Every structure is written in structure tokens, then in C-alpha cells.
Amino acid sequence: MQVMLVVSSLLLAAVAVSAYPAVQNPESRAVILSQDLGNNPDGTSKNNFQTENGIKQEQISYLKPGPEGPVAAFQGAVSYVAPDGQTIQTGYIADENGFQPYGSHLPTPPPIPAEIQESLRLLATLPSTPEPIYQ
């Protein structure tokens, strides 16, 4: 599972990098301005980098208690400048509940219509009926 979480975070970073328009001149590739990697004996780690063209990633990982033993968890953020000049920021958590990205640019479900909300409220007030037992 830890490998899957690491791979998913690396794929997210690759998506962020690939979203930037292709460089026409191979000689003008982005230079890494800073990079900070670290693995600790207690299971924690960090991976941060920033490039001159505005790509930035920050990630930490740690072990947290789970019902069947320690669970690897990752938290991080990726940002880059889109072709329209807007800075796109995506944060994420990856743990026993899977990969959970968040950001203002990500699609969200539409609001539940008032009629359906009222229907759900009324259904919640009805007594429950037991399922019939077939013999």
C-alpha cells in the first residue's frame, strides 16, 4: 500500500509538470532552484522542490496508528503556473482512505435541489420498517 501511495503522489507531480506547455527549445528546460529530500528512521520523510518556472511540490509522509498496525500517510501540495497565467494549487492527503486531492480548480458536485432535501428530511421522520424474513 505504501508503494501505491508513493506512486500516486509521484504521478500527481508528473501531471503537474506535464500540464505546463512543452518546451520548444530543449536547451531552455526549467532549472531546479531548491530541493530538500529526507528519510528518517521513524518512518517520516519529506520531499520538497521548486523550479524556476513556478512548479513547486511539498510532501511529508509519516506513520499513523491503524486498526491493523501502522498506516503510511502522505500530505502535500503541488502548484504550477497554467498557460493562462493562473497559479494552480492542489493539495492532497493519501492514507488508508485513498488519495484525496483538494483545490479550488477541481470539480465539485452540484448542490442538492431543495425538493430532494425536503424529501430526504421527510423520509428521515418516518418509522423504519423491518425487512421481512423469508423462511
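**The sheet and its surroundings**

What you see is a predicted model. Let's begin with the sheet. 6 strands form an open sheet, and their order is S1-S2-S3-S4-S5-S6. The pairing is antiparallel. In general, strands of a sheet pair through backbone hydrogen bonds, in a parallel or an antiparallel way.

Which strands stand at the edges? They are strand S1, residues 32–39, and strand S6, residues 98–102. Each has a single partner strand, so one side of each is left without a neighbour in the sheet. On average, neighbouring strands of this sheet are turned by 10° against each other, direction ignored.

Now zoom in on S1. Its pairing with strand S2, residues 45–51, is antiparallel and runs over 7 bridges. Find Ile 32, then look across: Thr 51 in S2 stands opposite.

Next, the whole chain. How many helices and strands does the protein chain have? There are 2 helices and 6 strands. Along the sequence, the pattern reads α-β-β-β-β-β-β-α.

The protein chain has 135 residues, and 21% of them are buried. Take the contacts with a separation of 6 or more: 25% of these join residues 24 or more positions apart.

Last, the surface. The protein chain exposes about 10,100 Å², with 59% supplied by carbon and sulfur atoms. One nonpolar surface patch covers about 490 Å². Ile 112, Ile 116, Leu 120, Leu 123 and Leu 126 make this patch. Of these, look at Leu 120: this residue is found in helix H2, residues 114–125.

Technical notes:
Residues numbered from 1 in each chain as written. Predicted model: local features only at pLDDT ≥ 70, side-chain atom pairs only at ≥ 80, totals over all residues. Heavy atoms only, no water. Pairing = 2+ DSSP bridges. Helix = DSSP H or I, 4+ residues; strand = E, 2+ residues; numbered from the N terminus. Axes fitted to C-alpha atoms, helices over the stretch in contact; angles between N-to-C directions. Patch = residues over 30% accessible without salt bridge, like charges linked within 9 Å, V, L, I, M, F, W, Y side chains within 5 Å. Areas by Shrake-Rupley, 256 points an atom, 1.4 Å probe, with all protein chains shown as cover. Salt bridge = Lys/Arg side-chain N within 4 Å of Asp/Glu carboxyl O. Buried < 20%, exposed > 50% of the residue type's maximum accessible area, 1.4 Å probe, protein only. Contact = heavy atoms within 4.5 Å.
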